[in-house]
Amino acid sequence: SIYYDGAGYSLRLYGGHVSEITYEGKAKEEMILSKPLSSSRVHLRLKLGKDKMYKFSYSEDGRTYIPVGPAFRLERATWTGAKLCIWAVQKEGLVSSGYADFDSVDII
């Protein structure tokens, strides 16, 4: 996720595991890493392998991509399981005027 703390932007990677596979199942999530960004504009890449492992990378210039975090295994779980997506959220549950503007999503 791209996170703004009032002073600057950072790229954050979260990992989690669904522990109760039901419609409203329980899940545990933790921040794996946080890297400072020079601006709010960033290119994100997700690479999914034939082995069902996926890995993230990012670029601030659109040319050089830097891998971030470990590889994750695509797994079935609740409605969120085995679905890769891009979305905007305010994780702290506070009132926010923030937004996300996605220029494009390319699937190749």
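Tyr54 is buried in this predicted model, with a relative accessible area of 15%. Ring pairs connect Tyr54 with Phe56 and Phe72 in a cluster.

**Aromatic cluster**

- The structure contains 4 aromatic pairs.
- Tyr54 and Phe56 make up an edge-to-face pair, with 5.7 Å from centre to centre and 90 degrees between the planes.
- Phe56 and Phe72 also pair: their ring centres are 6.2 Å apart. Their planes stand at 65 degrees, and because planes over 60 degrees apart count as edge-to-face, this pair is classed as edge-to-face.
- Phe56 belongs to strand 5 (residues 53–59) and Phe72 to strand 6 (residues 66–73), so that this pair links distant parts of the chain, 16 residues apart.
- Phe72 is buried at a relative accessible area of 16%, whereas Phe56 is partly exposed at 25%.
- The cut-off for the buried class is under 20% relative accessible area; Tyr54 at 15% therefore falls within this class.

- Strand 5 and strand 6 are paired in the antiparallel sense, and 5 bridges join them.
- Within this pairing, Met53 is placed opposite Arg73 of strand 6.
- The hairpin has 6 residues between the two strands, and Gly62 adopts a positive phi near 80 degrees there.

**Salt bridges**

- Side chains of opposite charge can pair when their charged atoms come close.
- The structure holds 2 salt bridges.
- One of them joins Asp103 to Arg41, and the closest N and O atoms are 2.8 Å apart.
- Asp103 is located in the segment after strand 6, and Arg41 in the loop between strand 3 (27–37) and strand 4 (43–48). The pair therefore ties together parts of the chain that are 62 residues apart in sequence.
- Asp103 and Arg41 are both exposed.
- A salt bridge also forms between the side chains of Arg63 and Asp61, at 3.9 Å from N to O.
- Arg63 is exposed, with 68% relative accessibility, while Asp61 is partly exposed, with a relative accessible area of 37%.

**Charges over aromatic rings**

- Arg12 places its charged end over the ring of Tyr3, at 3.6 Å from the ring centre.

**Nonpolar surface patch**

- A nonpolar patch on the surface is formed by Ile2, Tyr4, Tyr9, Leu44, Ile86, Phe102 and Val105.
- Together these residues present about 650 Å² of accessible area.
- Among them, Tyr9 is partly exposed, with a relative accessible area of 30%.
- Tyr9 is part of strand 2 (residues 9–18).
- In a regular strand the side chains alternate between the two faces of the sheet.

Notes. Residues are numbered from 1 along each chain as its sequence is written. This is a predicted model: local features need pLDDT of at least 70, side-chain atom pairs count only at pLDDT 80 or more; totals for chains, interfaces and linings use all residues. Side-chain values use heavy atoms; hydrogens and water are left out. Patches are made of residues with over 30% relative accessible area and no salt bridge: like charges are joined within 9 Å, nonpolar side chains (Val, Leu, Ile, Met, Phe, Trp, Tyr) within 5 Å. Accessible areas come from the Shrake-Rupley method with a 1.4 Å probe; for residues, only the protein chains shown count as cover. A salt bridge is a side-chain nitrogen of Lys or Arg within 4 Å of a carboxyl oxygen of Asp or Glu. Helices (H or I, at least four residues) and strands (E, at least two) are DSSP runs, numbered from the N terminus. Buried means under 20% relative accessible area, exposed over 50%, partly exposed in between (1.4 Å probe, protein chains only). Rings of Phe, Tyr and Trp (its six-membered ring) pair if their centres lie within 6.5 Å; planes under 30 degrees apart count as stacked, over 60 as edge-to-face and the rest as tilted. A charge sits over a ring if NZ of Lys or CZ of Arg is within 6 Å of the ring centre and within 35 degrees of the ring normal. Two strands pair if DSSP finds at least two bridges between them.
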